[in-house]
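Hi,

Here is the structure I promised to pass on. Have a look at it first, and then read my notes below.

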Amino acid sequence: MSVSNNACRAQVIVIGAGHAGIEAALASARLGVDTVLFTLSLDAVANLPCNPSIGGTAKGHLVYEIDALGGEMGRVADLVTLQSRTLNLGKGAAVQSKRVQVDRRKYQLLMKEVLEKTSNLRLIQGEVTELLLDEGSPRRVRGVVTRLKEQWECDCVVLATGTFLESAIFVGDVSYEAGPDGLLPAKGLSASLQAAGIRLLRFKTGTPARVKRATIDFSCLEEQPGEERMIPYSALHGEDLFDGLSQIPCHIVYTNAETHRIIRENITRSALYSGKIHGTGPRYCPSIEDKLVRFADKERHQLFVEPVGENTEEMYIQGFSTSLPTDVQKQMLASLPGFADAQIMRYAYAIEYDCADPTQMDASLEFKSVAGLFGAGQFNGTSGYEEAAAQGLVAGINAARRVLGKEPLLLPRSGSYIGTLIDDLVTKGTNEPYRMMTSRSEYRLLLRQDNADRRLTPVGYEMGLISEGRYASYCSKVAVQEAEKERLESTHVSPADAKDFLLSIGETPLKSGASLADLLRRPPVTYEQLAQIDPNRPELPYLVRLSVETDIKYAGYANRQLSEVERHRKLEEKKLPANLDYSSIRGLRLEAAQKLNQIRPLTLGQASRISGVNPADVSVLLIYLGMK
């Protein structure tokens with residue numbers, strides 16, 4: 001199909017206004033590139049169809065990193081927070097993650113307002129059904145066609161289709177074509193992608209029922225209040241942002257023997273176990289019937305009862321996702337303590353959808369076979385709002401940089417969870433919806449929430465998404481942190497001065513003088529406690545104090561990981577030729593050659609992480625490259 005002379009025109013087109021598409025469109029527009037964001041419905045922009053929260057284990061890290069790079073998710077989440085908690089407080093700082101309950105509708109409205117007021121960005125309700133490509137090697141994207149047969153010319157396209165591609169809803173033996181929340185599915189684009197040679201996968205996810213608040217007996221539930229000290233996600237907000245906020249509590253309830261009996265007796269009526277669903281579901285967020293099969297010895301499962309918003313009666317039952325029929329859902333719910341009379345406002349469902357094999361992309365999230373075509377979010381096989389937003393931000397930056405004739409942003413694994421996420425996807429691929437976890441990073445001691453700004457704000461500034469004023473504030477904060485660490489290292493106390501303090505917290509007294517930093521390295525000692533023997537300390541913001549304490553306590557571990565980073569740096573910097581035929585390299589195993597030809601790694605470091613490539617293969621590549 002040829003593009004007519006009067007076709008519409010944009011430099012970057014983003015398809016889908018979920019969390020990936022929003023960050024992609026905002027990044028592209030903020031970099032001065034003419035951008036159009038297409039959405040199936042203007043009323044579903046920034047929808048949170050799964051759960052009303054932002055953050056969580058490792059996901060909170062992603063939100064801080066998105067903010068540090070200049071993204072929007074954390075800033076908006078701060079402004080609509082209902083409750084905040086830090087997960088894994090009983091563990092080390094590296095795995096502690098912030099998670100907030102947000103007001104679902106307010107989040108949508110505020111994010112839509114941001115999009116509408118952003119320069120260089122047009123937000124349009126319309127369904128893209130076809131890609132237009134120029135032939136060549138590689139082929140190049142040149143436009144799109146909408147359901148209304150409107151043709152748009154462009155230089156780049158970002159696919160951020162979420163769970164809408166050829167999507168279908170499943171509840172028991174009932175199934176029908178639909179997107180999340182009963183919205184229309186995206187039809188036709190999958191066929192266009194396959195015609196372009198893009199390999200598609202079929203994944204599945206789901207969501208639990210929403211229950212009317214007034215019909216729950218909360219006296220039977222365990223209350224889960226928010227934390228006392230709330231820290232914003234965004235560096236654009238002061239520490240006093242949440243002063244005076246009355247947090248809405250969440251609650252905990254547990255399944256029981258009766259719940260499990262109902263599920264087991266009806267499990268063949270689940271779409272998941274009746275054979276109706278063929279897509280692969282998420283391992284780390286399974287449906288309740290799947291939990292009973294996988295963990296048959298568990299007598300109960302924990303569920304979280306969470307508010308959907310301040311001005312709605314809807315409550316979300318985290319952990320109770322199912323594709324069982326409606327009559328069984330009612331029985332399951334009534335079996336829970338406090339839910340005997342609970343009314344379901346929205347039934348649970350499973351949803352299947354098309355997504356792409358992410359190994360077809362490089363680390364910029366651009367398809368290797370189609371120049372100018374980028375993928376982001378659940379389209380790339382991930383699950384979660386935060387993973388989606390992180391990819392969208394990178395894809396939007398790189399689409400804009402391609403238009404501007406600049407080199408792409410490639411984030412290393414050692415510098416961020418975003419880099420780890422993307423490297424995992426494009427190097428290893430995924431056979432199930434991918435979820436970020438702290439355990440996925442070999443450098444997690446370096447990748448804490450509290451140092452996300454130090455790791456990525458300079459990158460965001462270089463990209464052009466961090467303003468001069470914000471960068472100056474960042475530099476000032478870093479200078480204060482470094483000065484305080486130096487002061488603690490150089491301020492010494494005598495055994496006599498420290499004796500009473502150490503005994504009061506159960507620590508062994510000093511035998512000789514020590515610096516305040518030395519005392520702080522003792523696990524039980526906190527920065528706040530040191531005030532007892534540190535009368536000259538400056539008044540510092542809480543976030544500065546937190547980073548100072550964590551840096552000092554983690555210094556030994558962090559230095560060891562930095563040594564690892566340095567050891568692997570040479571592999572990461574060793575570029576591999578784009579047109580290298582790996583099957584022609586003598587000594588390289590057949591499996592390794594096949595995988596390398598398929599993935600086309602950019603560097604030797606990336607090649608070393610491909611499944612099927614072992615250390616001996618890496619050595620062969622090193623020898624081969626040394627001969628070139």
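**H301 and its neighbours**

Leaving aside residues up to four places away in sequence, H301 touches V253, Y254, T255, H260, I288, K291, L292 and F295. Bear in mind that this is a predicted model. H301 sits in the loop between α7 (288–294) and β18 (302–307). Is H301 buried or exposed? Its relative accessible area is 5%, and the cut-off for buried is under 20%, so H301 counts as buried.

**Helix α12**

Next up is α12, which runs over residues 468–490 and has 23 residues. From first C-alpha to last, α12 reaches 33 Å, close to the 33 Å expected at 1.5 Å a residue. Which residues of α12 are buried? They are R470, Y474, V478, Q481, E484, K485, R487 and L488. As a reminder, an α-helix has 3.6 residues a turn, so residues three or four places apart point the same way. The partners that the buried residues of α12 pack against are α2 (59–69), α11 (452–463), β25 (514–515), α14 (516–520) and α15 (542–573).

Cheers

Definitions and conventions: Residues numbered from 1 in each chain as written. Predicted model: local features only at pLDDT ≥ 70, side-chain atom pairs only at ≥ 80, totals over all residues. Heavy atoms only, no water. Helix = DSSP H or I, 4+ residues; strand = E, 2+ residues; numbered from the N terminus. Expected span 1.5 Å × (residues − 1). Buried < 20%, exposed > 50% of the residue type's maximum accessible area, 1.4 Å probe, protein only. Contact = heavy atoms within 4.5 Å.
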